[in-house]
Amino acid sequence: MSAEKKVLLPSLVKKYLMAGSGLILVLFVLGHMAGNLQFFGPPEMINAYAYHLHHLPGAPVSLWAIRLFLLLCVGTHIAMAVLLVKENQAARPQKYAKQGFRKADYAARTMPMSGLIILAFIIFHILQYTVRNVPENYNETIGEATFEQAHGLPPIEYFDVYAMMVKGFSNVGISIFYLVAMALLCMHLTHGVASMFQSIGFRNEMWRKRLHTLAVAYGWFIFIGFASIPVSVIAFGHGKAYLAEKEAEWAAQTQQAQTVQLAQADNFKEGR
Amino acid sequence: MNLHLRVWRQKNVDTPGGYKNYELKDVSEDSSFLEMLDILNEQLVEQGEEPVAFDHDCREGICGMCSLVINGMAHGPETATTVCQLHMRSYKDGDSITIEPWRAKPFPVVKDLIVDRSAFDHIIQAGGFITARTGSPQDANEILIPKPTADKAMDAAACIGCGACVAACPNGSAMLFTSAKSSQLNLLPQGKGEKDKRVMAMVSAMDEQGFGNCTNYGECQAVCPKEITLDFIAKMNRDYATARVRNFFSKAI
């Protein structure tokens, strides 16, 4: 008889938390992709979208509430993964000479590893496009753009997200890392989306194949959606003309500002 | 046929084991896998060596005693087959065969290829029964059960408790076993009364024994000699969730 293990969180509760947090992240990824695809519209489109995301009703409290909620989901997903993997490894202390597989596909067997690389990507991604100081300080190198508002309201000057995306993805290294991360996300989703239903009990032999097909289709849909952006910038130079035009404009603005500053300094000296 | 065997030898639970190689000649392809091991043991006894200990009983594929992992596959290369029903015609002359016991922390190796599966008994003791009075048999069809429900319960009850699901699962999870044993009763009117209590007790017993967690690989279903499906794990997940919710609110009354 083996010694009884102290159980703090039942195995199935861990699975529910994994599936629940996974579902929210799966839906977030879809929304995020839909937002990003506005990149293929006029620059004003995604710039206006970014402005409105940051100025939701009740901002900044509402914005931070959403961010904290997503962070909580990511945190739960990771914490459950760590607990589950630790227990699973402990349950098989002596390995087989060679473990045979009949059903488990590559995606299923590499979930912890793909998840870990995606986590590294998320951290980098937030530093690059949310904090905007990796690999360069976009807050300084990217200026503002104007977009019109509906109902005759005055136009708004706001940070040029479109230009930042073009600039960010013009870096081949970053684009490749982005594509690799999206491929791994696609793989992670092909197992995760189907597993989600099993973990909460909504799957049977009839639906198993359908849900697997749905998961694979969803994974590819997400991959193609996200990958299209760096590919369009790197391979087709999408938005590069706009970026060059804007950069020239901002350079002129900076120069003008400097001239004004110098003139003011001169006036100050002369006035003395 | 001639075979190169690589067999796990372990003196007892406290002594670390290791692989040992044996050459076996002139094995009939009509012999079963266990008969092949019998031939090996006769040869070992003749040479004055200790025979290989392995579990077996009915040799008809229904008792759930035989428990060998052959070349990394629980119960060998065939599907819906126990080791005792596997025949040497599945192999070729000159094949190398690695034979190991079930490997999982809750299944300690007793000797060579025999493991202690008491952990399964503890799960059954937690809720794999109904607490009804066992009097004289009642009249047939006194409790009406729809045929599809009876069929599903029978599919779950086909589990012979061999433990191949745990052996094949890379996580050493016993969820297929536990779900089959809880579902066979939860599906039927006789078991419904204690459904919530049963599923909660059996899941916590399963966790306490130190089994791993299901990650939906599907390896257990692929090796199960009785072809029990992951549907029962889904059912257990559902039953457990509703049991927890009902249990939570029942405290309020």
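Trainee: How many residue pairs are in polar contact across the interface of chain B and chain A?
Mentor: In this predicted model, the rule finds 33 residue pairs in polar contact across that interface, both residues being at pLDDT 80 or more; a polar contact is a pair of N or O atoms within 3.5 Å, where within protein one must be able to donate a hydrogen and the other to accept it, and residues adjacent in sequence count only if both atoms are side-chain atoms.

Trainee: And what's the count of salt bridges there?
Mentor: The count between chain B and chain A is one, and Arg208(A) forms it with Asp231(B), with the closest N and O atoms 3.7 Å apart; the term means a side-chain nitrogen of Lys or Arg within 4 Å of a carboxyl oxygen of Asp or Glu.

Trainee: Which element gives the largest share of chain B's side?
Mentor: Helix 9 of chain B does, with nine residues, helices being DSSP runs of H or I with at least four residues, numbered from the N terminus.

Trainee: Switching topic, which residues of helix 2 in chain B are buried?
Mentor: In helix 2 (residues 118-127), Ala119(B), Phe120(B), His122(B), Ile123(B) and Gly127(B) are buried, that is, under 20% relative accessible area with a 1.4 Å probe, protein chains only. Seen down the axis of helix 2 of chain B, these buried residues fall within an arc of 155° (taken from the directions from the helix axis to the C-beta atoms), so they line one face of the helix.

Trainee: What covers them?
Mentor: The cover includes helix 4, helix 5 (175-186) and helix 7 of chain B.

Trainee: How are things numbered and counted?
Mentor: Residues are numbered from 1 along each chain as its sequence is written, and chains are lettered from A in the order in which they are written. Local features need pLDDT of at least 70, and side-chain values use heavy atoms, with hydrogens and water left out.

Note on methods:
Helix = DSSP H or I, 4+ residues; strand = E, 2+ residues; numbered from the N terminus. Buried < 20%, exposed > 50% of the residue type's maximum accessible area, 1.4 Å probe, protein only. Contact = heavy atoms within 4.5 Å.
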